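Subject: Structure handover

Hello,

The structure is below, followed by notes on what was found in it. Please read them alongside the coordinates.

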Amino acid sequence: MDQPKLWTKDFFSVSLTNFFLYFIHYLLIASITVFTVDKFHASTSMSGLAAGIFIIGMLFGRLYSGKYIEIIGRKKMLFAGIIFSIITILLYFTVTNLSILLLVRFLHGIGFGIASTATGTIVANVIPDKRRGEGTGYYALSTTIASAVGPFVGIFINQYLGFKMNFVVCTVLIVISFLFALFLKVPKVEINKEQLNSMKGFKLSNFFEPKALPISIVSIFIGATYSSILSFLNTYAQQINLVDVASFFFIVYAIATLVSRPYTGRLFDNKGENYVVYPSLIIFAIGFLIISQVHHGSMLLLSAVFIGIGYGSFIPSAQAIAVKVAPRNRMGLATSTFFMFADFGAGFGPFLIGFLIPVLGFTNLYIMMAVVVLAATVLYYFVHGRKKGNITSLQEETSR
């Protein structure tokens, strides 16, 4: 049988829209700390807050957009998030003190949370059900590439063109993102009166999709462990005298993800999620064991390969699971639920890990992260893996 078409105009448009949104996010998060120190002579903790408060705003944006996206409409929600992001990016030019910067970062996080939840929901509807894993994997590459290129561009601009040029670049990119969003044709999801009434009122089920919670809880631990790499790799590299090699870590990470993603996506669709999730988490844990024992540059880059394949395969697979188990009219809520939990782990992780490093040291810390990943693998088995064969996609039931 012929496979349903994946590479459509809408798939390209939503992926590129998402790419530019995340490009801006990673460009700024890699360079905003330097800006706060140079411009406002902020302490290290305050510069960290300037970077991290964006995540708090993003969680707020995801929380409310997940609830209202099906009521307002997916494309309208995407436009609302992008337009709000345009306004907040322009506000960066008016920043005169640290307090205003923190406010602008928080508001920008809200806009990003709304827009990225909308793109994640739209793409879930655009991808054919039979190619769910493959399509989600390719879509997630837009985030992976942005996470590798964005920080590099931000730091380069900061060094050679001055920090304010970052705001100019971000303004151009968010407008490009808006232009790609204009080309999107988003299928409207019909919601009956009973479903609409169930979405009203202040209930936890209106902010979180219960069926997406099990895999989302697993993602907290995986996001937290990955944050130990994202936030502290440079500090670790300084300690082991491999700063120059560490600058290539995320490039190798991105290449490993790019190469493995098509295969893991097709494996997800043809064999099932367990054939991807279990190996991904084990490979991720091996990556931590390798990085804990690094003595020369080649080992550090080898760990990047394992971490890129492991973490880079788990996240899109987990996102596909969250969408797969949810009713079609709650895909937006499932998407926001998954990313809220994953973002919470990635955001809270550095705070907790920062207390552990002086006690454990980096070697023991990364061994501990491997243990946490293996524990998350066991958790996955109990909350989803063992039941996978008995799960029928509710999307099919609700679309009948």
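Rings of Phe, Tyr and Trp (the six-membered ring for Trp) are paired if their centres lie within 6.5 Å; planes under 30 degrees apart count as stacked, over 60 as edge-to-face and the rest as tilted. This is a predicted model, where local features need pLDDT of at least 70, side-chain atom pairs count only at pLDDT 80 or more, and totals for chains, interfaces and linings use all residues. Residues are numbered from 1 along each chain as its sequence is written, and side-chain values use heavy atoms, with hydrogens and water left out.

Aromatic residues

The structure holds 32 aromatic pairs. One of them joins Tyr226 and Tyr253, stacked at 5.8 Å centre to centre with 25 degrees between the planes. Tyr226 is in helix H8 (residues 213–239) and Tyr253 in helix H10 (residues 249–271), 27 residues apart. Helices are DSSP runs of H or I with at least four residues, numbered from the N terminus.

Tyr226 also forms a stacked pair with Tyr311, at 4.0 Å centre to centre and 10 degrees between the planes. Because Tyr226 lies in H8 and Tyr311 in H12, this pair ties together parts that are 85 residues apart in sequence.

Buried means under 20% relative accessible area, exposed over 50% and partly exposed in between (1.4 Å probe, protein chains only). Tyr226 is buried at 9%, Tyr253 is buried at 5%, and Tyr311 is buried at 14%.

Helix H12

H12 covers residues 297–324, and its 28 residues should span 40 Å at 1.5 Å a residue; the end C-alpha atoms are 40 Å apart, which agrees. The expected span is 1.5 Å times one less than the number of residues. H12 is mostly covered, with 20 of its 28 residues buried.

Helices H3 and H4

The axes of H3 (residues 74–91) and H4 (residues 98–126) come within 8 Å and cross at roughly 155 degrees. Axes are lines fitted to C-alpha atoms over the stretch in contact, with angles from 0 to 180 degrees between N-to-C directions. H3 and H4 are therefore roughly antiparallel (over 145 degrees; under 35 is roughly parallel, 65 to 115 roughly perpendicular, the rest oblique).

Regards

Technical notes: Helix = DSSP H or I, 4+ residues; strand = E, 2+ residues; numbered from the N terminus.
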